[in-house]
Amino acid sequence: MKLKKNLIAIATLFVAAAFMSLRPAEKVITEVNGVTVINTTTLADDVEGYAGPTPLKIYIKDNKVEKVEALKNDETPKYLAIIKRNLLTKWNGLTAKKAATQKVDIITGATYTSESIIENVKRGLVYYNKNAKQ
C-alpha cells in the first residue's frame, strides 16, 4: 500500500512538472504603445533581496528610462514602500546607457532589497542596451 502511494505521489510530481514547463515564459523584452518594457523575472532570477527575488519592469521610451516598477515579490511591505519612493525613481529620465552604469546608494534598513533592486535594474538595462532596437 505504501509503495502504491509513493508511486502515485511521484507520478503526480511528474505531471505537475510537465504542466509547469508548458506555461509560457515571461518575455524579457516587449513593446507596448511605443514603450519598451524590460521584465527582469528571468534575467535576474538568481538575484535575491531579503525575502527572495525582486523582479522588476523597466519602462523605456526614446531610449530613456520612464519608470521602474516592482513586480510581485515577498519583501516586507513597509520596506518595499520606502524603496518604491526613494530608490525606484533614481533612474528616471536617464538614457538607458547612462542608467545601466548609474551609481545608486542603498536604502538604509533595506540593504539586501536595495542591492537586489539595483542589480535587477543593471541587468535589465544591460540586456536592453544589447538587444533592443534603438
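Predicted model: local features only at pLDDT ≥ 70, side-chain atom pairs only at ≥ 80, totals over all residues.
Residues are numbered from 1 along each chain as its sequence is written, and side-chain values use heavy atoms, without hydrogens or water.

Visitor: Are the rings of Y50 and Y112 stacked or edge-to-face?
Guide: Rings of Phe, Tyr and Trp (its six-membered ring) pair if their centres lie within 6.5 Å, and planes under 30 degrees apart count as stacked, over 60 as edge-to-face and the rest as tilted. The centres of Y50 and Y112 are 6.4 Å apart and their planes stand at 25 degrees, so the pair is stacked.

Visitor: Is Y50 buried or exposed?
Guide: Buried means under 20% relative accessible area, exposed over 50%, and partly exposed in between (1.4 Å probe, protein chains only). Y50 has a relative accessible area of 62%, so Y50 is exposed.

Visitor: Which ring lies under the charged end of K67?
Guide: A charge sits over a ring if NZ of Lys or CZ of Arg is within 6 Å of the ring centre and within 35 degrees of the ring normal. The charged end of K67 is 4.8 Å from the centre of the ring it sits over, that of Y59.

Visitor: Which residues touch the most other members of the largest nonpolar core?
Guide: A nonpolar core is a set of buried Ala, Val, Leu, Ile, Met, Phe, Trp, Tyr and Cys residues joined through side-chain atoms within 4.5 Å. The largest one has 24 residues, and those touching the most other members are V68, L87, W91, I117 and L125.
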